Amino acid sequence: MSFELFSNLVGAFFTLCIFSFLYKDNPFYQMSEQLLVGISLGYGLVFTYERIFIPFVWQPIVFKHNFILIIPTILGALYLFRFSRKLGWLSRYPIAFSMMSVGMGVPLGIHASILVQMRQGMVPLETVNLFLIFIGTIAVLLYFFFSKAHSGTYGKFVNVGKWYMMIGFGASFGMTVMARISLLIGRIQFLVNDVLGLLK
Amino acid sequence: MKRNLPLFFAFFCGLLVIVSEFIPHRPFSMMIDTLQEWFMIISGFAIILGQISLFQSNINKIKQKDSGWMFYLAGLLSFILMLLVGLFWGTQETGGLFGHGVSLQANLGMKPFDYLFEFAYMPLSSTMFSLLAFFIASAAYRAFIIRSFESNLLMLTAVIVILGRTSFGSMLTGWLPESVRFWHLPNLSDFIMEYPNSAAQRAIMISAALGIIGSSLRIILGIERSYLGSDK
């Protein structure tokens with residue numbers, strides 16, 4: 001048995017273990033589930049070490065003598081006090097520092113998600129399709145405006161926003177299903193082509 | 001010290017980031033570059049915290065011999081194996097503590113870390129996600145079909161988008177004459193994606209951004225404090 005075939009058989013075994021869940025929950029599935037968690041964890045830790053610890057901590061401090069980076073390293077290490085009952089409060093400092101990402105969300109949200117979207121929505125309504133987009137955007141925005149009761153003519157207009165949202169959710173759902181099905185096709189191709197060698 | 005200083009810390013960092021977006025010059029630009037580098041380092045420790053936490057919980061389950069403890073043991077061993085292999089011989093781009101493992105590479109065809117990724121992680125993760133194809137379809141059928149006009153609209157759109165993106169959908173309506181090409185499923189699917197879907201996604205994006213800005217300001221100003229946890 002060639003090494004390539006052995007490797008493919010290992011992959012096929014894991015694939016079939018996961019698919020066995022379609023019948024019912026079983027030990028093979030449970031083992032594969034835990035293996036996936038373990039391997040993902042190991043993968044994540046190695047990447048954290050290689051992509052963060054080495055280039056941002058080890059190399060600048062040890063080789064470039066950029067000792068100021070000891071401060072965020074200590075601050076980050078305070079996270080580990082989460083496990084201590086007495087000193088658990090120390091882990092609030094790195095969490096509070098991480099709130100700068102929340103601050104980043106404010107200008108980013110104003111620019112990318114509001115101003116750019118509004119600019120693209122407010123174009124001359126030269127075609128029916130552009131009018132459809134404009135009406136839909138206004139109707140959906142009004143649907144989220146709760147200071148006025150959704151009744152009468154206003155309520156009917158807001159209902160149009162609900163239809164638009166349903167179409168949007170349906171489209172997203174369809175795309176998600178398609179993505180999952182393409183993964184499924186990939187796995188079946190792997191079993192049929194690479195392992196069994198039936199379609200070459 | 002326990003609550004107020006972290007709150008001030010969050011206020012200062014959050015405000016500095018906002019101000020630097022509007023004044024992208026020194027000293028703010030310099031400060032924000034430094035803070036972003038610090039943020040990377042600190043988030044690295046957050047990842048480690050999560051992994052230690054999961055490691056601990058698995059160890060406890062194994063110690064207490066919970067039901068299925070041997071599966072947790074298998075998970076733990078796979079974690080240790082992946083970690084050691086990555087640290088000893090490195091990943092595709094970088095070497096590890098023992099170099100690049102040339103002899104191992106010659107046998108496996110790639111580095112041991114990449115080998116495990118290719119033949120263990122990839123089949124497991126992609127099969128796990130493909131499994132959802134079965135459940136998502138049956139769950140959607142049960143949840144949406146003939147409940148209300150809106151749920152039918154959602155289901156119908158999903159069916160049109162799915163069929164419109166496959167050759168089967170193209171075959172189904174391929175016989176339609178040129179004058180009614182709009183109803184050809186791929187065209188209908190493109191229309192839905194480009195117009196009603198764009199309108200809905202745009203409005204949802206604007207609404208979500210307003211919500212995010214509101215929540216962010218609440219956190220920066222110290223009105224929302226739940227992220228600090230309780231003192232008990």
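Mentor: A salt bridge is a side-chain nitrogen of Lys or Arg within 4 Å of a carboxyl oxygen of Asp or Glu. A search of the whole structure by that rule finds four salt bridges over all chains. This is a predicted model, in which local features need pLDDT of at least 70 and side-chain atom pairs count only at pLDDT 80 or more, whereas totals for chains, interfaces and linings use all residues. Residues are numbered from 1 along each chain as its sequence is written, chains are lettered from A in the order in which they are written, and side-chain values use heavy atoms, with hydrogens and water left out.

Trainee: How many salt bridges does the rule find across the interface of chain A and chain B, and what makes the pair A:K162 and B:E150 a salt bridge?
Mentor: Across that interface the rule finds one salt bridge. The closest N and O atoms of A:K162 and B:E150 are 3.9 Å apart, and the limit is 4 Å, so the pair qualifies. A:K162 lies in helix α7 (residues 152-195) of chain A and B:E150 in helix α6 (residues 149-164) of chain B, so the pair joins two chains. Helices here are DSSP runs (H or I, at least four residues), numbered from the N terminus.

Trainee: What is the area buried between chain A and chain B?
Mentor: The buried area is about 10300 Å², and carbon and sulfur atoms give 81% of that; the term stands for the accessible area (1.4 Å probe) that two parts lose on being put together, summed over both. With contact taken as heavy atoms within 4.5 Å, 106 residues of chain A are in contact with 110 residues of chain B.

Trainee: Why are α1(B) and α2(B) called oblique to each other?
Mentor: Helix α1 (residues 4-22) of chain B and helix α2 (residues 28-63) of chain B pack at an angle of about 130°, their axes being 9 Å apart. Axes are lines fitted to C-alpha atoms, for helices over the stretch in contact, and angles run from 0 to 180 degrees between N-to-C directions. Angles under 35 degrees count as roughly parallel, over 145 as roughly antiparallel, 65 to 115 as roughly perpendicular and the rest as oblique, and α1(B) and α2(B) are therefore oblique.

Trainee: Which residues of α1(B) and α2(B) meet?
Mentor: B:L16, B:V17, B:V19 and B:S20 in α1(B) meet B:F28, B:M31, B:I32 and B:L35 in α2(B). By class, this contact has seven nonpolar, one polar and no charged residues, where Ala, Val, Leu, Ile, Met, Phe, Trp, Tyr, Cys and Pro count as nonpolar, Asp, Glu, Lys and Arg as charged, and the others, Gly among them, as polar. In the loop between α1 and α2 of chain B sits B:P27, which a cis peptide bond joins to B:R26, with omega about 0°.

Trainee: How do you know that α5(A) and α1(B) are roughly parallel to each other?
Mentor: The axes of helix α5 (residues 100-121) of chain A and α1(B) come within 7 Å and cross at roughly 30°, so by that angle α5(A) and α1(B) are roughly parallel. In this contact A:M100, A:G103, A:M104, A:V106 and A:P107 meet B:C13, B:G14, B:V17, B:I18 and B:E21; by class, the contact has seven nonpolar, two polar and one charged residues.

Trainee: What makes α8(B) and α9(B) roughly parallel as well?
Mentor: Helix α8 (residues 185-194) and helix α9 (residues 196-220) of chain B pack at an angle of about 25°, with axes 3 Å apart, and α8(B) and α9(B) are therefore roughly parallel to each other.
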